[in-house]
Amino acid sequence: MTAGTGSSTEARSTEPHAPERAGPADTADAAAPADAATPTGTTAAARTAPADSAGTQTPAGTTVRTAPADLPGPADPAGFAGVRPDDLPDGLVVADGTGRVVCFNAAAARITALPADRALGLPLDRALPLEDLKGRRWWALTDPYGGLATRSGQPERNLLLPGGREVLVSARYVREHPTGPVRRVVVSLRGTEARRRTERSHAELIATVAHELRSPLTSVKGFTATLLHKWERFTDEQKRLMLETVDADAGRIKRLIAELLDISRIDSGRLEVRRQPVDIAAAVGRHVHAHTTGGQSPDRFFVRIRPQLPPLWADPDKIDQILGNLLENAVRHGEGTVTIEVAPTTAGDDGEEGTEVTVSDEGPGIPEESMNRVFTRFWRGSKRGGTGLGLYIVKGVVEAHGGTITVGRGPRGGAEFRFTLPVGTPAHLL
């Protein structure tokens with residue numbers, strides 16, 4: 001919210017608790033006849049405007065009048081196209097130069113549980129009795145109308161309303177010139193629901209990671225301790241089996257840590273793609289071979305490579321990550337034959353050449369109501385294990401390459417994942 005432009009109206013109280021000191025604008029209003037023009041060109045007759053205009057009469061006797069010339073009004077083409085304070089999704093509170101509330105929109109009333117007609121005209125610290133997390137009165141600490149004349153406002157922070165309700169508050173101090181007195185204090189209020197959802201997501205991530213790490217670490221610790229203390233009691237074959245188990249569990253831990261790093265980079269927009277020529281058909285073959293050597297039947301996989309594939313510049317490790325997650329998902333959660341098809345296509349709105357890869361199975365598929373949640377964190381299509389992070393990472397990696405990925409129902413009823421990657425030729429080679 002830009003300072004001074006969040007509201008097209010001001011309110012002025014005629015109640016006994018109205019500000020005692022008057023600024024130049026207040027003096028001019030008091031001296032002007034009811035239908036005379038003010039020095040700013042705004043007619044005082046706006047006080048009797050219809051209820052849907054900027055001038056309205058509140059139940060408490062507070063008169064809302066048109067904004068002064070330095071604020072955009074509803075008819076001002078440079079303003080906000082008639083957007084009113086009550087249209088804003090966040091709470092908006094504006095106090096004038098004397099510290100009295102002149103604007104208190106519907107969102108602010110909802111967040112604070114204080115009706116707008118009661119808030120208008122109150123001192124700012126009474127309309128918003130905020131405290132910090134240490135129980136100190138917020139307005140006494142910040143003193144917006146005093147202190148350094150160079151201050152422009154307060155950054156958003158978590159404060160408390162009466163009863164311990166948390167609210168996110170930011171403020172802007174509006175001055176007519178950089179070191180002049182504060183003419184308005186514009187306060188933005190937001191609920192903490194979105195932040196709490198983020199915190200819950202982080203807590204869920206920590207709990208998931210802790211659970212996934214506990215099992216392999218327990219195995220690694222148990223086998224290594226057993227071998228160290230009773231080495232001579234085991235045969236070479238038993239020792240090999242234990243060490244192979246330790247190696248597999250260590251690999252599982254390494255993959256989980258890599259997933260966490262990828263999630264952090266995706267969420268922060270710092271996922272790097274190191275492009276080089278990639279033979280995606282060969283990459284598909286490697287992953288299928290890894291599954292067949294791991295015990296899957298070769299008959300379970302059907303690979304179709306279309307001719308005339310365009311050259312693909314991508315990050316080989318990231319492509320392996322995409323293919324590995326999709327094939328693992330199809331093998332673990334799907335049934336029947338897993339079909340992998342690689343074909344040329346166009347990617348993006350500009351019709352750039354690209355490569356399309358489709359992975360489908362013949363299992364029960366994904367319920368229609370779950371389609372829009374497949375690529376979110378912790379989504380699991382079945383109870384067959386996994387962190388629920390793989391498809392979230394796949395989507396982030398594909399989009400980091402400038403591609404797209406979709407999920408649907410395959411021709412034989414199972415899940416079908418299709419991702420498209422543009423050629424991605426580096427600019428210095430074009």
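Biologist: How many helices and strands does the chain have?
Modeller: The chain has ten helices and 15 strands. Helices (H or I, at least four residues) and strands (E, at least two) are DSSP runs, numbered from the N terminus. This is a predicted model, so local features need pLDDT of at least 70, side-chain atom pairs count only at pLDDT 80 or more, and totals for chains, interfaces and linings use all residues. Residues are numbered from 1 along each chain as its sequence is written, and side-chain values use heavy atoms, with hydrogens and water left out.

Biologist: What share of the chain is buried?
Modeller: Of the 430 residues in the chain, 42% are buried. Buried means under 20% relative accessible area, exposed over 50%, partly exposed in between (1.4 Å probe, protein chains only).

Biologist: What about contacts between residues 24 or more positions apart?
Modeller: They account for 60% of the contacts in the chain with a separation of 6 or more. Contact means heavy atoms within 4.5 Å.

Biologist: Let's go to H7. Which residues does helix H7 cover, and what does it span?
Modeller: H7 runs over residues 236-268, 33 residues in total. From first C-alpha to last, H7 reaches 48 Å, close to the 48 Å expected at 1.5 Å a residue. The expected span is 1.5 Å times one less than the number of residues.

Biologist: Which residues of H7 are buried?
Modeller: Lys239, Met242, Val246, Asp249, Ile253, Leu256, Glu259, Asp262, Ile263 and Ile266.

Biologist: What follows H7?
Modeller: Gly269 does, with a positive phi near 70°.

Biologist: Now H9. What span should helix H9 have, and what does the model give?
Modeller: H9 has 18 residues, 316-333, so at 1.5 Å a residue it should span 26 Å. Its end C-alpha atoms are 25 Å apart, which agrees.

Biologist: What happens at the start of H9?
Modeller: A side-chain oxygen of Asp315 comes to within 3.1 Å of the backbone nitrogen of Asp317.

Biologist: Which H9 residues are buried?
Modeller: The buried ones are Lys318, Ile319, Ile322, Leu323, Leu326, Leu327, Asn329, Ala330 and Val331.

Biologist: How do H9 and H10 cross?
Modeller: H10 is residues 390-400. The two axes come within 10 Å and cross at roughly 145°. Axes are lines fitted to C-alpha atoms, for helices over the stretch in contact, and angles run from 0 to 180 degrees between N-to-C directions.

Biologist: Left-handed or right-handed?
Modeller: H9 passes H10 in a left-handed crossing. A crossing is left-handed if the near helix is turned anticlockwise from the far one by less than a right angle, and right-handed if clockwise.

Biologist: Who makes the contact?
Modeller: From H9, Lys318, Gln321, Ile322, Asn325, Leu326 and Asn329. From H10, Gly390, Leu391, Ile393, Val394, Val397 and Val398.

Biologist: Where is His287, and what does it touch?
Modeller: His287 lies in helix H8, residues 280-293. Leaving out residues up to four places away in sequence, His287 touches Asp320, Leu323, Gly324 and Leu327.

Biologist: Why does His287 count as buried?
Modeller: Because its relative accessibility is 16%, and buried means under 20%.

Biologist: Switching to loops. Where does Pro307 sit?
Modeller: Pro307 is in the loop between strand S10 (301-305) and strand S11 (313-314). Pro307 is exposed, with a relative accessible area of 60%. Gln308 lies in that loop between S10 and S11 too.

Biologist: What is phi of Gln308?
Modeller: Near 60°, a positive value in a residue other than glycine. Gln308 is exposed, at 76% relative accessible area.

Biologist: And Pro364, buried or exposed?
Modeller: Exposed, at 58% relative accessibility. Pro364 lies in the loop between strand S13 (352-360) and H10.

Conventions. A polar contact is a pair of N or O atoms within 3.5 Å; within protein, one must be able to donate a hydrogen and the other to accept it, and residues adjacent in sequence count only if both atoms are side-chain atoms.
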